[in-house]
Amino acid sequence: MSAGTDTPRSGDEASIPRPPAPTGRGLDPLTARRRFTTVSFLFWLPVGMSVATGVLLFTDRGMGLAAIAGFFAVHSLTAAAMELPTGGLSDVIGRRAVLATAGLLNCTAFTLFGLAGAAWAITLGMALMGCARALSSGPAEAWYVDTVHAHAGPDADLRTGLARGSSAMSAALALGTLLGGGLPWLLGLGPGVGEWLTGTTGGLVIPLSVPALLGALVEIVFVLYVLSALPEPPRPPATLRGVVGGVPAAIGAGLRLGARDALIRRILLTASAAGAALAAVELLTPGRAAALMGTAESGALLFAGLACAGFLCSALGSQLAPLAARLTRSSERAVLSGGGVVALGLILLGVTTGATSPLATTAAVTGYGLVYLGLGVVGPNTNDLLHRRVDASGRATALSVQSLALQLVAAGAGLAAGALPLGPLPWLLAAAVVLAVALLWARRVAVSPQVSVPSAQPVPAVSAPER
């Protein structure tokens, strides 16, 4: 926890270190923003399509709930283990190559989900998907920031582009959830269509596997777009020795970020609080939906609708993030406000636990939406602060550290919430954590020089990307 001082706030213009002057060449910020938004949408659309049918597909393949829980554990643990190494890899060999690799791994994973029925194949797919999640957590955003800084300099607006990318991610998840749940249902409307599909493919393809296979096709489009639309400045040729030496150095520097920099420490604590909030919502909401509706099946349908609405609220919050920063006069105060909204949503969910009256249900649904709305406001503003503190050499590594903090705390908070008795306590504890971290942003933080994360291969100064 950082101590407050009377120095200027880190987000103020006067306190931002001045890198070399912009070149004014390469992709302009508007074009870079559009391409970053498109990449964000294409990557997350297939993931959203797997949300609605994943568990049902594995169950139809003969897997029990314990095995399915194991599959998801493989995904989470792989993503956490690979988060920092892959962030460092992006800083060494480039953003485009790492993003394309993430798309290829996801394509393979979705193909395995759609065609394979063996537990080992599904486990392999989950591991590949976890690697892809880790690979994708920083390179696209790092590419966008590098490109804007190269063209317009360090004072260029980042919040709008970061907000658009976050909104595109949420919109893709919402649309993907609807498509993934609707396609099998549509195939079942036609007389014998589902049976024909299953019989023609010898049982390899069933209606529930269609969203996964369609997701694999979208991943191919994603890879082609990344390779053609995300130009980068020339980098020194990456050798095996450079990669092996550069990635551990980037990992070590990333792990030291929070220890030596007060602002980054707050950013990591904020990501951790977001992980605690998401763990409570994702673990406890499905059971509440089933209890409200009376059956697991109808509860699952209600939760799918809530998940879609939550993604849309997150997209709205991301769109409002720049406005929140302008109204509160800094990104720091916008993070404080967004964290307060998240805490309020968790409190509403907590105090309505066990109540089924229309008023309580309305309050609970409102609280659910507020959690995602607040998280949408917090994300772009914390990342705006992060990019002003970390230079181009370690930008993707810093984002990976941030993502790792969220994932690890989410895993621990989920276990803790599951061990606590059902009732308001898990919700209120999560709200207390979020509110405590949000209040850190009410105090000022000392300003230190911009952080540089080293790598073995020298990364050139940010310049105009190649066309």
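This is a predicted model: local features need pLDDT of at least 70, side-chain atom pairs count only at pLDDT 80 or more; totals for chains, interfaces and linings use all residues.
A residue is called buried when its relative accessible area is under 20%, exposed when the value is over 50%, and partly exposed in between.

Helix α8 covers residues 210-229, and among its residues Pro-211, Ala-212, Gly-215, Ala-216, Val-218, Glu-219, Phe-222, Val-223, Val-226 and Ala-229 are buried. The length of α8 can be checked against expectation: at 1.5 Å a residue, its 20 residues should span 28 Å, and because the C-alpha atoms at its ends are 28 Å apart, the two values agree. A nonpolar patch on the surface is formed by Leu-214, Leu-217, Ile-220 and Leu-224, which together have about 370 Å² of accessible area. Of these residues, Leu-224 is located in helix α8, and it counts as exposed because its relative accessibility is 55%, a value over the 50% cut-off.

Between α8 and α9, the latter comprising residues 240-260, lies a loop that contains Glu-232. With a relative accessibility of 9%, Glu-232 is counted as buried, and its side chain takes part in two contacts with backbone atoms, reaching the nitrogen of Arg-95 at 2.8 Å and the nitrogen of Arg-96 at 3.2 Å.

Elsewhere in the chain, Ala-67 belongs to helix α2, which is made up of residues 65-93. Its relative accessible area is 31%, so Ala-67 is classed as partly exposed. Although Ala-67 and Ala-119 are 52 residues apart along the chain, a distance of 8.1 Å separates their C-alpha atoms.

Conventions
Residues are numbered from 1 along each chain as its sequence is written. Side-chain values use heavy atoms; hydrogens and water are left out. Helices (H or I, at least four residues) and strands (E, at least two) are DSSP runs, numbered from the N terminus. Buried means under 20% relative accessible area, exposed over 50%, partly exposed in between (1.4 Å probe, protein chains only). A polar contact is a pair of N or O atoms within 3.5 Å; within protein, one must be able to donate a hydrogen and the other to accept it, and residues adjacent in sequence count only if both atoms are side-chain atoms. The expected span of a helix is 1.5 Å times one less than its number of residues. Patches are made of residues with over 30% relative accessible area and no salt bridge: like charges are joined within 9 Å, nonpolar side chains (Val, Leu, Ile, Met, Phe, Trp, Tyr) within 5 Å. Accessible areas come from the Shrake-Rupley method with a 1.4 Å probe; for residues, only the protein chains shown count as cover. A salt bridge is a side-chain nitrogen of Lys or Arg within 4 Å of a carboxyl oxygen of Asp or Glu.
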